Amino acid sequence: MNSSTVDRRLSTLSRHLAGTIDKEGSGISCSPTSGADSVFTNVVRAPEDPILGVTVAYNKDPSPVKLNLGVGAYRTEEGKPLVLNVVRQAEKLLVNDRSRVKEYLPIVGLADFNKLSAKLILGADSPAILGNLVTTVQCLSGTGSLRVGAEFLARHYYQRTIYIPNPTWGNHGKIFTLAGLTVKTYRYYDPVTRGLNFQGVLEDLGSAPSGAIVLLHACAHNPTGVDPTREQWEQIRRMIRSKSLLPFFDSAYQGFASGSLDEDAQSVRMFVADGGECFIAQSYAKNMGLYGERVGALSIVCRTADVATRVESQLKLVIRPMYSNPPIHGASIVSTILKDRNLYQEWTLELKAMADRIITMRKQLFDALRARETPGDWSHIIKQIGMFTFTGLNTKQVTFMTTEYHIYMTSDGRISMAGLSSRTVPHLADAIHASVTTVV
Ligand code: KET
(Lines give C-alpha, C1' and ligand atoms only; values in the text may rest on other atoms or scores of the structure.)
Protein backbone atom coordinates (compact mmCIF):
# COMPACT_ATOMS: atom_id res chain seq x y z
CA MET A 1 0.00 0.00 0.00
CA ASN A 2 1.51 3.38 -0.87
CA SER A 3 1.62 6.20 1.64
CA SER A 4 -1.19 8.22 0.06
CA THR A 5 -3.48 5.19 0.35
CA VAL A 6 -2.53 4.83 4.00
CA ASP A 7 -3.18 8.52 4.64
CA ARG A 8 -6.51 8.39 2.92
CA ARG A 9 -7.57 5.32 4.85
CA LEU A 10 -6.51 6.83 8.16
CA SER A 11 -8.35 10.03 7.46
CA THR A 12 -11.48 8.13 6.40
CA LEU A 13 -11.26 6.07 9.55
CA SER A 14 -10.83 9.10 11.76
CA ARG A 15 -13.76 10.84 10.08
CA HIS A 16 -15.82 7.71 10.54
CA LEU A 17 -14.90 7.41 14.18
CA ALA A 18 -15.46 11.11 14.84
CA GLY A 19 -18.94 10.77 13.37
CA THR A 20 -19.77 7.83 15.59
CA ILE A 21 -18.08 8.85 18.83
CA ASP A 22 -21.35 9.66 20.54
CA LYS A 23 -23.27 6.82 19.02
CA GLU A 24 -20.84 3.94 19.25
CA GLY A 25 -18.13 5.24 21.52
CA SER A 26 -14.46 5.41 20.75
CA GLY A 27 -13.05 7.26 23.77
CA ILE A 28 -9.38 6.38 23.99
CA SER A 29 -8.01 5.99 27.49
CA CYS A 30 -4.53 7.16 28.45
CA SER A 31 -4.55 5.68 31.98
CA PRO A 32 -1.39 3.78 32.92
CA THR A 33 -1.67 -0.01 33.05
CA SER A 34 -0.49 -0.03 36.69
CA GLY A 35 -3.40 2.07 37.99
CA ALA A 36 -6.39 0.69 39.91
CA ASP A 37 -8.76 1.55 37.10
CA SER A 38 -9.04 -0.38 33.89
CA VAL A 39 -7.15 1.15 31.00
CA PHE A 40 -10.49 0.84 29.23
CA THR A 41 -12.40 3.00 31.72
CA ASN A 42 -13.26 5.44 28.97
CA VAL A 43 -14.73 2.82 26.67
CA VAL A 44 -18.33 3.72 26.10
CA ARG A 45 -20.96 1.01 25.76
CA ALA A 46 -21.87 0.62 22.09
CA PRO A 47 -25.44 0.12 20.97
CA GLU A 48 -26.45 -3.31 19.70
CA ASP A 49 -26.42 -3.92 15.94
CA PRO A 50 -29.71 -2.75 14.37
CA ILE A 51 -30.41 -6.23 12.94
CA LEU A 52 -28.51 -8.78 15.04
CA GLY A 53 -29.37 -6.81 18.20
CA VAL A 54 -33.04 -7.65 17.61
CA THR A 55 -32.22 -11.32 18.28
CA VAL A 56 -30.35 -10.33 21.46
CA ALA A 57 -33.47 -8.52 22.75
CA TYR A 58 -35.72 -11.40 21.64
CA ASN A 59 -33.60 -13.95 23.53
CA LYS A 60 -34.02 -11.95 26.76
CA ASP A 61 -37.84 -11.88 26.53
CA PRO A 62 -39.45 -14.66 28.66
CA SER A 63 -42.89 -14.36 26.97
CA PRO A 64 -44.20 -17.64 25.45
CA VAL A 65 -45.81 -15.76 22.53
CA LYS A 66 -42.64 -13.91 21.48
CA LEU A 67 -41.83 -13.89 17.78
CA ASN A 68 -38.53 -12.99 16.11
CA LEU A 69 -39.07 -11.39 12.70
CA GLY A 70 -35.81 -9.43 12.84
CA VAL A 71 -32.91 -11.24 11.23
CA GLY A 72 -33.38 -12.70 7.75
CA ALA A 73 -33.09 -16.36 8.64
CA TYR A 74 -35.40 -19.07 7.36
CA ARG A 75 -37.63 -20.93 9.81
CA THR A 76 -39.90 -23.92 9.20
CA GLU A 77 -43.69 -23.96 9.72
CA GLU A 78 -42.80 -25.09 13.25
CA GLY A 79 -40.68 -21.99 13.72
CA LYS A 80 -37.42 -23.97 13.78
CA PRO A 81 -34.15 -23.31 11.91
CA LEU A 82 -33.78 -25.59 8.89
CA VAL A 83 -30.75 -27.64 7.87
CA LEU A 84 -31.39 -28.65 4.27
CA ASN A 85 -31.56 -32.35 3.55
CA VAL A 86 -28.91 -31.96 0.83
CA VAL A 87 -26.59 -30.31 3.33
CA ARG A 88 -27.00 -33.28 5.71
CA GLN A 89 -26.27 -35.66 2.83
CA ALA A 90 -23.20 -33.74 1.72
CA GLU A 91 -21.91 -33.63 5.30
CA LYS A 92 -22.29 -37.41 5.59
CA LEU A 93 -20.30 -37.89 2.40
CA LEU A 94 -17.59 -35.57 3.69
CA VAL A 95 -17.36 -37.23 7.11
CA ASN A 96 -17.20 -40.72 5.58
CA ASP A 97 -14.46 -39.77 3.14
CA ARG A 98 -11.29 -40.68 5.08
CA SER A 99 -9.11 -39.08 2.42
CA ARG A 100 -10.32 -35.65 3.53
CA VAL A 101 -7.93 -33.74 5.74
CA LYS A 102 -8.03 -30.46 7.59
CA GLU A 103 -5.05 -28.81 5.91
CA TYR A 104 -5.11 -25.07 5.22
CA LEU A 105 -6.88 -24.11 2.04
CA PRO A 106 -5.03 -21.83 -0.40
CA ILE A 107 -5.46 -18.09 0.29
CA VAL A 108 -8.18 -17.93 -2.38
CA GLY A 109 -10.03 -20.95 -0.99
CA LEU A 110 -11.24 -24.21 -2.48
CA ALA A 111 -10.67 -24.27 -6.26
CA ASP A 112 -13.76 -26.37 -7.06
CA PHE A 113 -15.95 -24.17 -4.90
CA ASN A 114 -14.73 -21.05 -6.70
CA LYS A 115 -15.34 -22.44 -10.17
CA LEU A 116 -18.78 -23.77 -9.28
CA SER A 117 -19.78 -20.52 -7.57
CA ALA A 118 -18.91 -18.48 -10.65
CA LYS A 119 -20.91 -20.93 -12.76
CA LEU A 120 -23.88 -20.68 -10.44
CA ILE A 121 -24.16 -16.92 -10.68
CA LEU A 122 -22.94 -16.35 -14.26
CA GLY A 123 -24.40 -19.45 -15.92
CA ALA A 124 -22.59 -22.57 -17.12
CA ASP A 125 -22.20 -21.24 -20.67
CA SER A 126 -21.06 -17.76 -19.65
CA PRO A 127 -18.56 -16.37 -22.18
CA ALA A 128 -16.77 -14.66 -19.29
CA ILE A 129 -16.06 -18.03 -17.68
CA LEU A 130 -15.16 -19.69 -20.98
CA GLY A 131 -12.77 -16.84 -21.73
CA ASN A 132 -11.15 -17.04 -18.25
CA LEU A 133 -12.17 -13.45 -17.57
CA VAL A 134 -13.39 -14.18 -14.06
CA THR A 135 -11.41 -14.47 -10.88
CA THR A 136 -13.27 -15.94 -7.92
CA VAL A 137 -12.07 -16.11 -4.33
CA GLN A 138 -13.79 -17.90 -1.47
CA CYS A 139 -14.65 -15.47 1.31
CA LEU A 140 -16.44 -15.38 4.66
CA SER A 141 -20.02 -15.40 3.40
CA GLY A 142 -21.59 -12.36 1.75
CA THR A 143 -20.22 -9.86 4.24
CA GLY A 144 -16.63 -11.08 3.85
CA SER A 145 -16.95 -11.05 0.06
CA LEU A 146 -18.16 -7.46 0.10
CA ARG A 147 -15.36 -6.47 2.44
CA VAL A 148 -12.60 -8.13 0.41
CA GLY A 149 -14.00 -6.50 -2.75
CA ALA A 150 -14.13 -3.14 -0.99
CA GLU A 151 -10.53 -3.44 0.25
CA PHE A 152 -9.34 -4.32 -3.24
CA LEU A 153 -11.16 -1.34 -4.73
CA ALA A 154 -9.74 1.02 -2.11
CA ARG A 155 -6.23 -0.08 -3.09
CA HIS A 156 -6.48 -0.49 -6.83
CA TYR A 157 -9.33 1.54 -8.27
CA TYR A 158 -9.08 5.20 -9.16
CA GLN A 159 -12.60 6.16 -8.06
CA ARG A 160 -13.20 6.03 -4.34
CA THR A 161 -16.89 6.83 -4.25
CA ILE A 162 -19.48 4.10 -4.00
CA TYR A 163 -23.21 4.71 -4.42
CA ILE A 164 -25.47 2.47 -2.35
CA PRO A 165 -29.27 2.43 -2.60
CA ASN A 166 -31.41 4.32 -0.11
CA PRO A 167 -32.41 2.35 1.87
CA THR A 168 -30.13 -0.68 1.86
CA TRP A 169 -28.90 -3.47 4.14
CA GLY A 170 -27.59 -1.70 7.25
CA ASN A 171 -24.08 -3.11 7.03
CA HIS A 172 -23.27 -1.85 3.51
CA GLY A 173 -22.35 1.69 4.55
CA LYS A 174 -20.06 0.46 7.34
CA ILE A 175 -18.29 -2.14 5.19
CA PHE A 176 -17.37 0.32 2.45
CA THR A 177 -16.55 3.22 4.77
CA LEU A 178 -14.19 1.12 6.86
CA ALA A 179 -12.45 -0.08 3.71
CA GLY A 180 -11.66 3.55 2.94
CA LEU A 181 -14.29 4.36 0.31
CA THR A 182 -16.61 7.35 0.35
CA VAL A 183 -20.22 6.23 0.57
CA LYS A 184 -23.03 8.13 -1.13
CA THR A 185 -26.59 7.04 -1.74
CA TYR A 186 -28.86 6.93 -4.76
CA ARG A 187 -32.64 7.16 -4.52
CA TYR A 188 -34.23 3.73 -4.74
CA TYR A 189 -37.49 3.38 -2.84
CA ASP A 190 -40.57 5.56 -3.06
CA PRO A 191 -42.51 5.37 0.24
CA VAL A 192 -45.61 6.81 -1.42
CA THR A 193 -45.97 4.11 -4.09
CA ARG A 194 -44.10 1.58 -1.98
CA GLY A 195 -42.31 0.76 -5.21
CA LEU A 196 -39.13 1.59 -7.08
CA ASN A 197 -38.25 5.25 -7.58
CA PHE A 198 -37.01 4.44 -11.05
CA GLN A 199 -36.64 8.05 -12.15
CA GLY A 200 -34.65 8.72 -8.96
CA VAL A 201 -32.32 5.79 -9.67
CA LEU A 202 -31.58 6.99 -13.20
CA GLU A 203 -31.15 10.64 -12.20
CA ASP A 204 -28.81 9.89 -9.31
CA LEU A 205 -26.68 7.42 -11.26
CA GLY A 206 -26.73 9.85 -14.19
CA SER A 207 -25.20 12.57 -12.05
CA ALA A 208 -22.62 10.32 -10.35
CA PRO A 209 -19.00 11.07 -11.27
CA SER A 210 -17.62 8.95 -14.09
CA GLY A 211 -16.20 5.67 -12.81
CA ALA A 212 -18.02 5.69 -9.48
CA ILE A 213 -18.83 2.28 -7.99
CA VAL A 214 -22.52 1.34 -7.75
CA LEU A 215 -23.79 -1.24 -5.31
CA LEU A 216 -26.74 -3.21 -6.71
CA HIS A 217 -28.80 -5.92 -5.03
CA ALA A 218 -28.88 -8.77 -7.57
CA CYS A 219 -32.43 -9.70 -6.49
CA ALA A 220 -34.79 -9.51 -3.51
CA HIS A 221 -33.66 -6.06 -2.42
CA ASN A 222 -33.16 -5.83 1.33
CA PRO A 223 -35.03 -4.24 3.14
CA THR A 224 -37.64 -3.10 0.60
CA GLY A 225 -38.45 -6.30 -1.33
CA VAL A 226 -38.66 -4.09 -4.43
CA ASP A 227 -36.68 -5.12 -7.53
CA PRO A 228 -36.45 -3.41 -10.93
CA THR A 229 -38.28 -5.17 -13.77
CA ARG A 230 -36.18 -6.65 -16.54
CA GLU A 231 -36.76 -3.57 -18.73
CA GLN A 232 -35.78 -1.29 -15.86
CA TRP A 233 -32.62 -3.35 -15.27
CA GLU A 234 -31.77 -2.90 -18.93
CA GLN A 235 -32.08 0.88 -18.62
CA ILE A 236 -30.06 0.90 -15.42
CA ARG A 237 -27.39 -1.16 -17.18
CA ARG A 238 -27.25 1.30 -20.07
CA MET A 239 -26.94 4.24 -17.70
CA ILE A 240 -24.16 2.52 -15.72
CA ARG A 241 -22.20 1.61 -18.82
CA SER A 242 -22.68 4.99 -20.51
CA LYS A 243 -21.21 6.74 -17.45
CA SER A 244 -18.46 4.10 -17.05
CA LEU A 245 -19.71 3.35 -13.55
CA LEU A 246 -18.49 0.12 -11.94
CA PRO A 247 -21.27 -2.27 -10.86
CA PHE A 248 -20.80 -4.21 -7.62
CA PHE A 249 -23.55 -6.81 -7.14
CA ASP A 250 -24.53 -8.11 -3.75
CA SER A 251 -26.15 -11.51 -4.35
CA ALA A 252 -27.32 -12.74 -0.95
CA TYR A 253 -30.66 -14.21 -2.03
CA GLN A 254 -30.16 -16.10 -5.30
CA GLY A 255 -33.13 -18.48 -5.56
CA PHE A 256 -35.11 -16.80 -2.81
CA ALA A 257 -36.81 -14.19 -4.99
CA SER A 258 -38.42 -16.32 -7.70
CA GLY A 259 -37.53 -19.80 -6.48
CA SER A 260 -35.29 -20.18 -9.56
CA LEU A 261 -31.52 -19.82 -9.36
CA ASP A 262 -31.21 -18.80 -13.03
CA GLU A 263 -34.06 -16.31 -12.94
CA ASP A 264 -32.60 -14.58 -9.87
CA ALA A 265 -29.21 -14.24 -11.58
CA GLN A 266 -30.61 -12.43 -14.64
CA SER A 267 -29.62 -8.95 -13.50
CA VAL A 268 -25.98 -9.98 -13.03
CA ARG A 269 -25.88 -11.92 -16.30
CA MET A 270 -27.17 -8.90 -18.22
CA PHE A 271 -24.17 -6.88 -17.04
CA VAL A 272 -21.72 -9.66 -17.80
CA ALA A 273 -23.18 -10.22 -21.27
CA ASP A 274 -22.23 -6.70 -22.37
CA GLY A 275 -18.54 -7.46 -21.83
CA GLY A 276 -18.04 -4.79 -19.17
CA GLU A 277 -16.38 -5.36 -15.82
CA CYS A 278 -18.18 -6.01 -12.56
CA PHE A 279 -17.90 -7.33 -9.01
CA ILE A 280 -20.19 -9.95 -7.47
CA ALA A 281 -20.41 -10.91 -3.80
CA GLN A 282 -22.24 -14.21 -3.29
CA SER A 283 -23.57 -15.69 -0.07
CA TYR A 284 -24.70 -19.25 0.65
CA ALA A 285 -26.13 -18.24 4.04
CA LYS A 286 -29.73 -18.08 2.91
CA ASN A 287 -30.05 -20.21 -0.21
CA MET A 288 -28.22 -23.20 1.29
CA GLY A 289 -29.08 -22.36 4.89
CA LEU A 290 -25.36 -22.25 5.74
CA TYR A 291 -25.61 -19.08 7.85
CA GLY A 292 -23.07 -19.96 10.54
CA GLU A 293 -20.69 -21.78 8.19
CA ARG A 294 -19.79 -18.42 6.61
CA VAL A 295 -19.50 -19.50 2.98
CA GLY A 296 -19.42 -17.00 0.14
CA ALA A 297 -17.46 -15.90 -2.88
CA LEU A 298 -16.22 -12.73 -4.52
CA SER A 299 -16.02 -12.81 -8.32
CA ILE A 300 -14.47 -10.07 -10.37
CA VAL A 301 -15.24 -10.13 -14.07
CA CYS A 302 -12.40 -8.50 -16.02
CA ARG A 303 -11.85 -7.40 -19.60
CA THR A 304 -9.04 -9.83 -20.28
CA ALA A 305 -7.76 -13.11 -18.86
CA ASP A 306 -4.42 -11.50 -18.11
CA VAL A 307 -6.01 -8.74 -16.01
CA ALA A 308 -8.04 -11.39 -14.18
CA THR A 309 -4.91 -13.26 -13.08
CA ARG A 310 -3.23 -10.04 -11.96
CA VAL A 311 -6.34 -9.02 -10.01
CA GLU A 312 -6.32 -12.41 -8.32
CA SER A 313 -2.69 -12.02 -7.30
CA GLN A 314 -3.61 -8.76 -5.56
CA LEU A 315 -6.70 -10.24 -3.91
CA LYS A 316 -4.34 -12.65 -2.20
CA LEU A 317 -2.44 -9.72 -0.73
CA VAL A 318 -5.72 -8.35 0.62
CA ILE A 319 -6.81 -11.66 2.16
CA ARG A 320 -3.55 -12.99 3.66
CA PRO A 321 -3.16 -10.33 6.40
CA MET A 322 -6.94 -10.27 7.09
CA TYR A 323 -7.67 -13.92 7.87
CA SER A 324 -4.97 -15.81 5.94
CA ASN A 325 -7.27 -18.29 4.22
CA PRO A 326 -10.93 -19.27 4.48
CA PRO A 327 -12.55 -22.20 6.36
CA ILE A 328 -12.82 -25.57 4.62
CA HIS A 329 -16.00 -27.21 5.85
CA GLY A 330 -18.76 -24.98 4.45
CA ALA A 331 -17.09 -24.62 1.07
CA SER A 332 -16.73 -28.42 0.87
CA ILE A 333 -20.46 -28.81 1.53
CA VAL A 334 -21.29 -26.33 -1.23
CA SER A 335 -18.97 -27.86 -3.82
CA THR A 336 -20.20 -31.39 -3.00
CA ILE A 337 -23.76 -30.26 -3.72
CA LEU A 338 -22.97 -28.15 -6.78
CA LYS A 339 -20.96 -30.83 -8.55
CA ASP A 340 -23.36 -33.73 -8.00
CA ARG A 341 -26.27 -33.68 -10.43
CA ASN A 342 -28.69 -35.39 -8.00
CA LEU A 343 -27.79 -33.29 -4.99
CA TYR A 344 -27.97 -30.13 -7.09
CA GLN A 345 -31.42 -31.10 -8.34
CA GLU A 346 -32.62 -31.82 -4.82
CA TRP A 347 -31.21 -28.50 -3.63
CA THR A 348 -33.22 -26.58 -6.24
CA LEU A 349 -36.38 -28.30 -4.96
CA GLU A 350 -35.64 -27.51 -1.33
CA LEU A 351 -34.86 -23.92 -2.25
CA LYS A 352 -38.09 -23.58 -4.20
CA ALA A 353 -40.00 -24.98 -1.20
CA MET A 354 -38.46 -22.29 1.06
CA ALA A 355 -39.32 -19.54 -1.45
CA ASP A 356 -42.87 -20.90 -1.82
CA ARG A 357 -43.44 -21.04 1.93
CA ILE A 358 -42.49 -17.37 2.16
CA ILE A 359 -44.95 -16.50 -0.61
CA THR A 360 -47.68 -18.43 1.23
CA MET A 361 -46.91 -16.41 4.37
CA ARG A 362 -47.33 -13.21 2.36
CA LYS A 363 -50.80 -14.31 1.24
CA GLN A 364 -51.82 -15.39 4.72
CA LEU A 365 -50.71 -12.15 6.33
CA PHE A 366 -52.41 -10.08 3.63
CA ASP A 367 -55.67 -12.04 4.06
CA ALA A 368 -55.49 -11.77 7.85
CA LEU A 369 -55.19 -7.97 7.67
CA ARG A 370 -58.04 -7.78 5.18
CA ALA A 371 -60.21 -9.94 7.44
CA ARG A 372 -59.51 -7.55 10.32
CA GLU A 373 -60.26 -4.56 8.07
CA THR A 374 -56.98 -3.04 9.14
CA PRO A 375 -56.83 0.51 7.75
CA GLY A 376 -54.46 1.01 4.82
CA ASP A 377 -53.49 -0.67 1.56
CA TRP A 378 -51.51 -3.80 2.37
CA SER A 379 -51.10 -5.09 -1.18
CA HIS A 380 -47.34 -4.46 -0.98
CA ILE A 381 -47.13 -7.49 1.32
CA ILE A 382 -47.93 -9.76 -1.62
CA LYS A 383 -46.12 -7.66 -4.23
CA GLN A 384 -42.76 -7.44 -2.51
CA ILE A 385 -40.09 -10.01 -3.33
CA GLY A 386 -37.80 -12.17 -1.22
CA MET A 387 -37.41 -12.68 2.50
CA PHE A 388 -38.70 -9.35 3.75
CA THR A 389 -41.77 -7.17 3.83
CA PHE A 390 -41.10 -3.48 4.23
CA THR A 391 -44.34 -2.84 6.07
CA GLY A 392 -44.38 0.96 6.22
CA LEU A 393 -44.85 0.78 10.01
CA ASN A 394 -43.00 3.59 11.78
CA THR A 395 -40.56 3.26 14.69
CA LYS A 396 -43.24 4.03 17.29
CA GLN A 397 -45.54 1.40 15.86
CA VAL A 398 -42.68 -1.12 15.86
CA THR A 399 -41.93 -0.32 19.52
CA PHE A 400 -45.61 -0.78 20.35
CA MET A 401 -45.65 -4.20 18.68
CA THR A 402 -42.58 -5.25 20.62
CA THR A 403 -43.74 -4.06 24.03
CA GLU A 404 -47.40 -5.08 23.72
CA TYR A 405 -47.17 -8.17 21.50
CA HIS A 406 -43.56 -9.39 21.95
CA ILE A 407 -42.99 -9.19 18.21
CA TYR A 408 -39.38 -8.38 17.35
CA MET A 409 -38.44 -6.66 14.09
CA THR A 410 -36.06 -3.96 12.88
CA SER A 411 -37.07 -0.39 13.73
CA ASP A 412 -37.46 0.55 10.03
CA GLY A 413 -40.60 -1.61 9.89
CA ARG A 414 -38.99 -4.56 8.08
CA ILE A 415 -40.29 -8.02 8.92
CA SER A 416 -38.66 -11.29 7.94
CA MET A 417 -41.45 -13.29 6.30
CA ALA A 418 -39.25 -16.36 6.63
CA GLY A 419 -39.73 -16.21 10.41
CA LEU A 420 -43.54 -16.46 10.15
CA SER A 421 -45.74 -19.56 10.17
CA SER A 422 -49.47 -20.21 9.74
CA ARG A 423 -49.66 -20.50 13.53
CA THR A 424 -48.13 -17.05 14.16
CA VAL A 425 -49.76 -15.05 11.34
CA PRO A 426 -52.91 -14.22 13.43
CA HIS A 427 -50.77 -12.89 16.29
CA LEU A 428 -48.79 -10.68 13.89
CA ALA A 429 -51.96 -9.46 12.17
CA ASP A 430 -53.50 -8.59 15.58
CA ALA A 431 -50.35 -6.65 16.47
CA ILE A 432 -50.23 -4.74 13.18
CA HIS A 433 -53.94 -3.95 13.46
CA ALA A 434 -53.57 -2.67 17.01
CA SER A 435 -50.47 -0.63 16.19
CA VAL A 436 -51.92 1.18 13.16
CA THR A 437 -55.21 1.86 14.93
CA THR A 438 -53.69 3.12 18.20
CA VAL A 439 -50.26 4.58 17.37
CA VAL A 440 -49.86 7.29 14.77
N1 KET B 1 -26.08 -8.70 1.74
C2 KET B 1 -27.38 -8.52 2.06
C3 KET B 1 -28.23 -7.70 1.16
C4 KET B 1 -27.88 -9.10 3.22
O5 KET B 1 -29.16 -8.91 3.49
C6 KET B 1 -27.04 -9.85 4.07
C7 KET B 1 -27.56 -10.40 5.32
C8 KET B 1 -25.71 -10.02 3.66
C9 KET B 1 -25.26 -9.42 2.50
C10 KET B 1 -24.70 -10.79 4.45
O11 KET B 1 -24.98 -12.06 4.74
P12 KET B 1 -23.85 -13.11 5.16
O13 KET B 1 -24.45 -13.83 6.31
O14 KET B 1 -22.61 -12.38 5.50
O15 KET B 1 -23.70 -13.97 3.97
N16 KET B 1 -28.64 -10.02 5.85
C17 KET B 1 -29.33 -10.54 7.03
C18 KET B 1 -28.46 -10.92 8.17
C19 KET B 1 -27.54 -9.86 8.67
O20 KET B 1 -27.93 -8.70 8.83
O21 KET B 1 -26.37 -10.20 8.92
C22 KET B 1 -30.42 -9.55 7.43
O23 KET B 1 -30.56 -8.49 6.80
O24 KET B 1 -31.19 -9.87 8.35
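Let's start at helix α6, residues 141-156, because S141 is found in that helix; helices here are DSSP runs of H or I with at least four residues, strands are E runs of at least two, and both are numbered from the N terminus. S141 isn't a glycine, yet its phi is positive, about 55°. Most residues other than glycine have a negative phi, and most peptide bonds are trans.

A quick word on what we're looking at: this is a predicted model, where local features need pLDDT of at least 70, side-chain atom pairs count only at pLDDT 80 or more, and totals for chains, interfaces and linings use all residues. Residues are numbered from 1 along each chain as its sequence is written, and side-chain values use heavy atoms, with hydrogens and water left out.

Now, S141 also takes us to the ligand. Which residues are closest to the ligand? They are S141, T143, N222, D250 and S283, out of 17 that surround it, where a residue counts if one of its heavy atoms lies within 4 Å. A polar side-chain atom of S141 sits 2.5 Å from a ligand oxygen. For N222, a side-chain N or O atom is 2.6 Å from an oxygen of the ligand, and for D250 a polar side-chain atom is 2.6 Å from a ligand nitrogen. A polar contact, by the way, is a pair of N or O atoms within 3.5 Å. On its own the ligand has 520 Å² of accessible area, and the protein covers 92% of that, using Shrake-Rupley with a 1.4 Å probe.

Stay with N222 for a moment: the peptide bond joining N222 and P223 is cis, with omega about 15°. P223 belongs to the loop between β7 (213-217) and α9 (230-242). There's another cis bond from N166 to P167, with omega near 0°, and P167 is in the loop between β3 (161-166) and α7 (172-178).

On to helix packing. The axes of α3 (85-96) and α13 (341-371) come within 9 Å and cross at roughly 150°; axes are lines fitted to C-alpha atoms over the stretch in contact, with angles from 0 to 180 degrees between N-to-C directions. So α3 and α13 are roughly antiparallel, the word for angles over 145, while 65 to 115 is roughly perpendicular. N85, V86, Q89 and L93 of α3 meet L343, E346, W347 and E350 of α13, with contact meaning heavy atoms within 4.5 Å.

And α4 (111-122) with α10 (266-273)? Their axes come within 8 Å and cross at roughly 95°, so α4 and α10 are roughly perpendicular. Here K119, L120, I121 and L122 meet V268, R269 and V272.

Technical notes:
Angles under 35 degrees count as roughly parallel, over 145 as roughly antiparallel, 65 to 115 as roughly perpendicular and the rest as oblique. A polar contact is a pair of N or O atoms within 3.5 Å; within protein, one must be able to donate a hydrogen and the other to accept it, and residues adjacent in sequence count only if both atoms are side-chain atoms.
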